[in-house]
Amino acid sequence: MRGVLSLIILLGLSGLGLAAEEAKLDTGNTAWMLVASALVVFMTVPGLALFYGGLDKAKSILNTIAMSFTAFALVTLTWIAVGYSIAYGDDILGFMGNPFQYFFGKGISGINPDTGYPALLDLMFQLTFAAITTALISGSFVGRMKFSAWLLFALLWSVIVYPPVAHWVWGGGFLSQHGALDFAGGTVVHINAGVAGLVGALILGRRKDAALIPNSVPLVALGAGILWFGWFGFNAGSALAANETAAWAMINTTVAASTAALAWMFAEWLHAGKPTVVGISSGIIAGLVAITPAAGFVNLVGAVLIGAIAAPIAYFAVALLKPKFGYDDALDVFGIHGMAGIVGAVLTGVFADPSVGGTPGLIYGNVKQVFVQLVGVVVTMVYSAVLTAAILLALKATVGLRVSEEEEVEGLDSAEHGEKAYNF
Amino acid sequence: MKKIEAIIKPFKLDEVKDALVEIGIGGMTVTEVKGFGQQKGHTEIYRGTEYVIDFLPKVKIEVVVKDEDVEKVVETIVKTAQTGRVGDGKIFILPVEDVVRIRTGERGEKAI
Ligand SMILES: Nc1ncnc2c1ncn2[C@@H]1O[C@H](COP(=O)(O)OP(=O)(O)O)[C@@H](O)[C@H]1O
């Protein structure tokens, strides 16, 4: 994501001079970013859809899959219309970009002189991030939300909440000027989605039957595996080049995922008595989330520690915090993406190794970085919470958020979509 | 004629079937069912929360036999399906009015 600011400046200048025309196509970077973009698409369709679908009940698995698929489809359109411009358009007061600058791709052409790949690929790569972030939130809402309300929510959230936060951190907004490190979107994607999920769970209220009893654990495992694979595009792709930083991001990603899978498994084994496959899969996701902000900044020991610390914290948030407070974050969007995201963002400030990403963290003497990271976390949490609540309360007052109790008990697949996942 | 319906532990199915074949039983119907009795449900743990699953998996065997074979069959099922632990299951014995073999239209004991 770094370098986007200079891209914007250069795109601005290209109106006057010829900077963009002089840039030469880097085929290596271009090839990698084409692949990385496709990998991140694969994370949502079908990775996340299957992961969530398997965790949900058999009577609403299709609705759960539909939420991810439609989030991806809808956000594709909002992103090319205004989302990308709000995130990466010319900065307005550090808060957002000019919302109509790149309206349906207007003015995006030539080679990005910073990265050597076509500027159009920035639009594509970043689109996949906006889409998965919106889809992630659905995990908290499943089993009770009207499908029409979800579509409206995804539309509004992907315009009002995601792009400004992306602008602050990556688009030259106030958080990047402030020095917050977020390599691939720990704050922008995971904390943002996690907090939106928590707020949504509170506003939607509990399901009649709030038990998390997966209808298909093999689907959960398949989804987790696809997410792991796709995450290489997400994290290593965020180097925006086929270079050593990308290699760091790739190995750190897999190291943190592996460590976290084991850490969650052992935490669950000790606390609940059994090492479960749902637990191992959840640990993988917690590790991937936690390493996301750190992937291009920490060394391998840092990656091990981030995975090892984040997974038990996420586990206990899910196993203890959720029952204690009683919110129905159905598939643990806040527990996993929010909590592991927060831990990862803070630990990035602790373990950042200047020989990897150029910025020292706490253990290399830069105490201030942890504080800078915390500011990024808190600002994102507050913004996401307030705006998500505003969107949901507005929808509640107009179209309504929940299906009837009868439809909820019958299952959303037949009530909302008129189909069943399994026909015998 | 009588219908013998036995609810047994799923892992005992093969043993019971083999024993029934051995005493000359020529057919049966088997269904996977769920039930509870004195043996309560079990618990499953997902993401650190324990859920009580009320119904346990069981297998239901249905065998229709001549009146004089009832005791032999019941005895065989009891002997092979027994573990001595709670939840071994039940056997229900019901009267059967008639049997029809669809292929030939034969009725009664000939059709068993
Ligand atoms: N009254 C009943 N009617 C029908 N099925 C029954 C009845 N009681 C028990 N069962 C079936 O038998 C199984 C075993 O019964 P249970 O009472 O648990 O153990 P036991 O066979 O040792 O008495 C149950 O899981 C259920 O499927």
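Reader: Which residue meets Lys72(B) in a salt bridge?
Author: A salt bridge here is a side-chain nitrogen of Lys or Arg within 4 Å of a carboxyl oxygen of Asp or Glu. For Lys72(B), the N to O distance is 3.7 Å, and the partner is Asp69(B).

Reader: Good to know! What kind of model is this, and how are things labelled?
Author: This is a predicted model, where local features need pLDDT of at least 70 and side-chain atom pairs count only at pLDDT 80 or more, while totals for chains, interfaces and linings use all residues. Side-chain values use heavy atoms, without hydrogens and water; residues are numbered from 1 along each chain as its sequence is written, with chains lettered from A and ligands numbered from 1 in the order in which they are written.

Reader: Is Lys72(B) buried, partly exposed or exposed?
Author: Buried means under 20% relative accessible area and exposed over 50%, with partly exposed in between (1.4 Å probe, protein chains only). Lys72(B) has 39% relative accessibility, so Lys72(B) counts as partly exposed.

Reader: Where in chain B do Glu62(B) and Lys3(B) sit?
Author: Their salt bridge has its closest N and O atoms 2.8 Å apart, and Glu62(B) is buried, at 18% relative accessible area. Strands are DSSP runs of E, at least two residues, numbered from the N terminus. The partners are 59 residues apart and link distant parts of the chain: Glu62(B) is in strand β5 (residues 56-65) and Lys3(B) in strand β1 (residues 2-8).

Reader: In the pair Glu15(B) and Lys12(B), which residue counts as buried?
Author: Their side chains form a salt bridge at 3.4 Å, N to O. Glu15(B) has a relative accessible area of 42%, so Glu15(B) is partly exposed. At 10% relative accessibility, the buried residue is Lys12(B).

Reader: Which residues form a network of salt bridges?
Author: Over all chains the count is 14 salt bridges. The network links residues of chain A and chain B: Lys322(A), Asp332(A) and Arg47(B).

Reader: Now the ligand, please! How far is one of its oxygen atoms from a polar backbone atom of Gly87(B)?
Author: A polar contact is a pair of N or O atoms within 3.5 Å; within protein, one must be able to donate a hydrogen and the other to accept it, and residues adjacent in sequence count only if both atoms are side-chain atoms. A backbone N or O atom of Gln39(B) lies 3.0 Å from a ligand oxygen. For Gly87(B), the distance is 2.7 Å.

Technical notes:
Helix = DSSP H or I, 4+ residues; strand = E, 2+ residues; numbered from the N terminus.
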